[in-house]
Structures are given as C-alpha cells and as structure tokens.
Amino acid sequence: MKVLKFGGSSVGTGERISKVASLVKAAAETDRIAVVLSAMQGTTDRLIDAGRLAGAGDDGYLEKIHEIELQIENAVSTVFKDSVPVELSVFIEHAIDEVESICEGVRRVGELSGRTLDRILSFGELVSSRVLFERLSIDGISVEWADSRDLIRTDKRYGSAMVDSSRTYTQIIERIESSDSRIFILPGFIGSAPDGSTTTLGRGGSDYTAALVAASVDADLLEIWTDVSGMMSADPRYVRNVRQIASINYLEAMELSHFGAKVIYPPTIQPVMAKGIPLRIKNTFQPADPGTLVEAVSTDRSNIIRGISSIDGIAVLSLEGSGMVGVPGFSKRLFDALSRVGINVVLITQSSSEHSICVAVEERFSALAKEVVDVEFENEIRVGKIEPLRVENGFSILAIVGDNMKEHTGVSGRMFMTLGHNGINIHAIAQGSSERNISAVISTADVRKAVNSLHEEFFSDGRKQVNVFIAGVGTVGGRLIEQIRQQAEHLSETLRLNIRVIGIARSNRSLITEEGIDLDDLSLSLDLAPAMSISEFADAIIELNLRNSVFVDVTASETVVEVYSRLLAKSISVVACNKIACSSSYARYRELRSLAAEYNANFLFETNVGAGLPVINTLNDLIRSGDRIQRIEAVLSGTLNFVFNNYDGSDPFAEVVRRAQAEGYTEPDPRLDLSGMDVARKILILAREAGYPIEIEDVSITGFLPESCLTGSVEDFYTEMLRQEDVFKQIFDTAASEGKILKFIATLDNGKASIGLRSIGPEHDFARLSGKDNAVLFFTSRYSEQPLVVKGAGAGADVTAAGVFADIIRAART
C-alpha cells in the first residue's frame, strides 16, 4: 500500500483538485492507496482570522467566512462542471453554517479557546477531502472517505496535540482492513481527544497524519506532494542556484526540517523512520520530476553537507554569574522554569567555566521566559550570585546539515571562515557529537548573506560571485566598466569569478540593481537613476548586505573617501584609485588599514602609484618575504615624464604641457602634476607601505615652476608659462650642455622622502624612459647592488582601469 499526501497548494483551486484526482487514479492502478489532504490554500489562515476576529467581538469574521465560501464554490464549480453532487452541497452548507454558528458564539462570549479554535480549523481539511472523494466517486472509482477524528487519538493539547500512536495505529488498521475500497481518503491535520473534542496536530500536521497512516499499515512508500520538486540545498528565497537533493536519510531530513526547511513538517519523519518506510517528496505541478527520496541510508554521498537551513524569530537567553560555578542544578532549574510555561528550547550552549549558559527560544516567548526565569532565580539574583536573565532578540539560527561531515575534517572551520570573511558575527555555536549538524546563532539581518555565502562555499562549482559597487564613471571609471563587461565570460571560465556590477554612483545620482546592472545600456540607465548622495549610496550598499562585496572608488573626491571606514567596518572591501585616503593624515591611513584587518576586508590601492604597474604589490611582497627596504628611487609622474621627454626648447614649454593635457596625461588642472604634489603623495604612500609613519609635510619638495605660475585660473597658468619660457629653456639648456636629460625623481632613503627635478646622465636607469613611462627602483637587503626594477606605462585611462580591475580580482580571490 502507498500513502499520498497533498498539501494546500496542491488543492488550492478546482483545476488543481482535478489534477490531484488524476494523480490519485494513476497511482491506484498499481497499488491500493490512502490519500491525505490539507485544506485548500489560504483556508486555514482565513479560519484563524475569523476565530480571532470573533473573539475580539468583531463581526468581520463573516467576511472571512464568505471569502472561504467563495473559494470553495469556485473550486467545486470547476471540479464538477455539470452538476455538484447533492451530498457534497449539503456537507459544505452544513459545515459553513457550523463555522458561522461557532464564531457567533465566540463573538458573544468574547473569548476564543484553543478547543474552539481547533474545531473551527477542522473545517478546511474536512471540505477539501470530501470534494476529492465525491469527484472520484462520480468517476466510478472504488473510494471511501473517513473522518480522521474517528481514527487519530490525541491528548487535549489543543493547537499541537500529542498523538497516542498505539491507539491510533490500531484504529487506522482496523478501518482500512475492514474496507474493500481501492482508495481511502482522509482529512489531514485533525484528530480527537479522549472526550471526543476536535484537536489539531500543529501547522503542517497533515504531513504527520500521512506518516501515521503509513506507519500503521506498514506502507511501501509515503509520498508528500507539494509545490516544489523535493528538498533543496538551501531556501530558494535566498539562493538562486539551489540544488535539488536527490536522496537524504531520515536523520538529515529531520535536522533540516527542524531548522526551517518548510517542505516537510518535522514530526513527519519519526513514524516512517521507526518502520523503515521510504518517503518521497514530489511536485504536484511537475509530477515527472523524481523529487527527493528520504530513506534509512542515502545513496548520494557526493556532497560533504546535505543542506543549509535557518530559523528566524529567535531570542537568545543568557544566564550567567559567578554563583553558578561548581554548583549543580542551575541548568535543570532553567529548563524546568521554561518547560513549565511551555517554552521549547531550540539550541543550548554552555561555557566550560560554568559561568554562563545560553539557550535559544522562539522570540515570541522571550518576555515570558525572562519573567519565569527571573522568578525562579529570584533569591540568587537578589544576593548577586547571578545576573538577571539577559534577553536579546533579532536573531536566527543557521544550520548546515549532513552525515558526511563526520568523515571530513575542517568543515566547521570552513563554515566559520566563510561567515567571518563576509563580516557575519556568530553569537552562539552548537554542534552535537553526531557531527550531523553545526548550528550558529546570527543576526537575522545577515541570514540571506550567510546562506548564500555558505551555499557558494559548499555547493558551487567553484565559481564565486563578486558584487561590485563603483563610484565614478569618468574616463577611468568608464574604461573600468567596459573592461568588466568585456572580460566577464573570461573571468567566469578561467578564474571562476562571476563579477556583477550592482551599483554605480555618478556625481549626485546612483543606480543600484541587486540582480546586476546591464552594462550594455548603461548611459540611459544612469540618466534615469534617482538622486542619491555618496553617503546614501554607502548606506544602500550596507543595507543590501550582499556577500563578497567590493566598493571601488575611481574619483578624486574627499567626500567619497569619507565612506571608506563605514564600508570596511561592514566587511566590504574597498579598492581605491583615489589617492586622498592614503596620502592624507597618517592617522587616517592607519585607521583604514586597521579596519580592513579587523573586519577581514581588503583595502587595496595599487593604482595610487604607477597606475597599473605592480609597484605597491611588489613592495608588499618584498616586506612580507622578510626583505628590508633601504632606498627607493622612482619616476612616478607619467605627466612629467611625457613633458620632459618632449620638451627640447623648440616649442614652448606651455605648448608641450597643453599637448599632455589634450592626450589625457594630466589632471584637469595641470599644476597638480607640475607642482610635484602628485608625486609627493605617491612617494608618501610608498614610504608608509614601507613602514615609515610620515606625513606629507615631511616630504621635501624641490619645485621648478615659478611662483607666478601657481596662481589664477588654468588659462592664466598657461599664459604665465609662456611669459616664463626663458626659465624653462634655461633649465633644459643647462642639462643639455652637460649631456644630461631632465627627470622628476622621487626618493625614499632611510625614511627620508624627497622629490625634485634632476639632471641625469645617459647611464642612469631612468635615462631611457620614454613617453608616459614610470619606473621604480627598489634597493633592499637582497637587491643592494642591482635594484629590483618595476617599469612601464604609468599613466593613461586604460592601464589605470586595468590596475583597478586587478585589485578587484585580488579582493575577490582572498
């Protein structure tokens, strides 16, 4: 014999009930079957509302009952197109009248008891099962209907009654064995107390009804038909690319269902597990899908963990105090106090010092829990042996489940490392000796990110999703976006990185799309983007709380820098092309470095020096490997190198600078480059990365621009340079007469930083630098005679964007 249970979504409309009838008839061709039905989708919720409205003296309960009546009428008219059986019409009419009568009585009394509510709720399953019974009867099928209240015996815990399994099994066996019908139909969810009053088995209790029927008749198989194709590796509401679990054992299924997997009601497993009856979860709307098979031993051992689940609405209760140490009985008294008022403990953890014990309960019981526990320990609290119970709300329990975990070391380490890398704080931890479940209490706000992060760690094909937020879409920002668009497929295939641009900020407008921005039509999207300050943009990033988030600053704005610390403190990596942060005060530089380390985020700024050249990375590698920096010499301005490579006195110096600006080598105000301030910031950054706590005022700057060129507008600057052409010509002629060339060189020597224009001979390492090239010479303990040289293009939008892109990839892979 097989037992089939159909959930509320499976019988939610007339069309769906007809589909269920077809599935039942097909199953009955090869087996004798028992069918258990839930109420039509939404009916139980409406019945609860009706009862509560009536209890509050509100005649709005009539509207709720009317909504149920319309739903049933629509379904019945669809299932029975010609005419509705008289018996069914009478049954439904009587049931509705009874519910109205009960609710009216509740309204008059002004009280809704658990007993009365259970009686009201029984209506949903009774009607849905009768509709299916009548449909099959008209089709000439051998079918019998039974009221589950005559078969399932329970205690009087209305709302979540405990089943007397022995009596229930006997009743079911006797009834089914006494029947010759091919199909046996029962309403789920309901039973009866010893006095004959109606009881319910808890929300989701129809699954449990089916399991009881299956266990009583030693069924060959129990099928739970729902609206999904089995159990999934995680909640599809949180994770897009969930995997269907093909096979799972009873204990794993029990753990997952207890910790929030909604596909199956947790008590369902126990009866079939005791009898060794396999359970298969099927999809009513895709019946050909194999679904999930739950059995004693799973044949699928392909994954270390079977699934990830979570429970929301959790409160953490902490009882602590020095008076607990070495004194037996505190835990017992705590659990007894909670048990007396019906509060279930869902997680327990205790420190080995015995100074504290922490338990998790449903948040709705937190106030009651504090009340009863503080009363229980009133004397100890009064004399200061323990503290009053501390209650913290707003938590969830996250669990990874799988029998295969016990055969693999480091699973908990991977779990906690993944959560930590994404800035998810763990409030409490619990793991049983079976090693089947590792649970952690985390903030409810972090659940989505946590589940996605763990799913990516344990179930992905190695691909990692990186969520990028970009501030600035100027020349470099635009090239960066284009490079990301062009390289997306390549990165996915070669580095297993899926880079999605989630947000883009431009001046006072920002575009954020959680699914990822379409980079092919970006201009129009940005033009239509809402007004948003950079601070609001940062708030939105934090609010989204996505895993593997990277913020990219390709502006030159001080305002953008101000949001770095907030982002790093939320474990959001920062990639900065903007030099302001690292060249401002040393205190700010250290703060950002410290925040990145403290919150396990990356703070990368390779393009601050040398555009796309690996200057900072090389410096850090030298230091990390134990080398000591003795001296650094560098040409760090592509602008100045271009200018002095192209100035020979034949054209005015001002015209060469204007050409450099036209080709995109200078800042909008070229004085920032020609004054040497940009180079000073770069050598300052290198000095700090080398371990020297210096400020910009400590950098010795020997300029070559006359003071008169530093005032007025940009056009005034060009006019003044033309007037001062003799000064620039003399500098060039002096160097040329000595057979030398001009280079603007930065030096760091034993912590002393300096920059200035120097004349160098043809033998110098910098003599052959052309165009916009940069070069950095590292003299170290290992490279004392022959320096390590990093050389290449040090300016230009494409190479700078490529350097930023490389930092994004570096942040994503660490």
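**Exercises on a predicted model**

Glutamine 487 lies in helix 15 (residues 475-494), where a helix is a DSSP run of H or I with at least four residues, numbered from the N terminus. This is a predicted model, in which local features need pLDDT of at least 70, side-chain atom pairs count only at pLDDT 80 or more, and totals for chains, interfaces and linings use all residues. Residues are numbered from 1 along each chain as its sequence is written, and side-chain values use heavy atoms, with hydrogens and water left out.

**Exercise 1.** Classify glutamine 487 by its relative accessibility.

*Solution.* Buried means under 20% relative accessible area, exposed over 50%, and partly exposed in between (1.4 Å probe, protein chains only). Glutamine 487 has 31% relative accessibility, so this residue counts as partly exposed.

**Exercise 2.** Describe how helix 1 and helix 3 pack.

*Solution.* Helix 1 (residues 14-28) and helix 3 (residues 61-79) have axes 7 Å apart, at an angle of about 50 degrees. Axes are lines fitted to C-alpha atoms, for helices over the stretch in contact, and angles run from 0 to 180 degrees between N-to-C directions. Angles under 35 degrees count as roughly parallel, over 145 as roughly antiparallel, 65 to 115 as roughly perpendicular and the rest as oblique. Helix 1 and helix 3 are therefore oblique to each other.

**Exercise 3.** Which residues of helix 1 and helix 3 meet?

*Solution.* Contact means heavy atoms within 4.5 Å. From helix 1 come Gly14, Glu15, Ile17 and Ser18, and from helix 3 Ala75, Thr78 and Val79.

Definitions and conventions
Helices (H or I, at least four residues) and strands (E, at least two) are DSSP runs, numbered from the N terminus.
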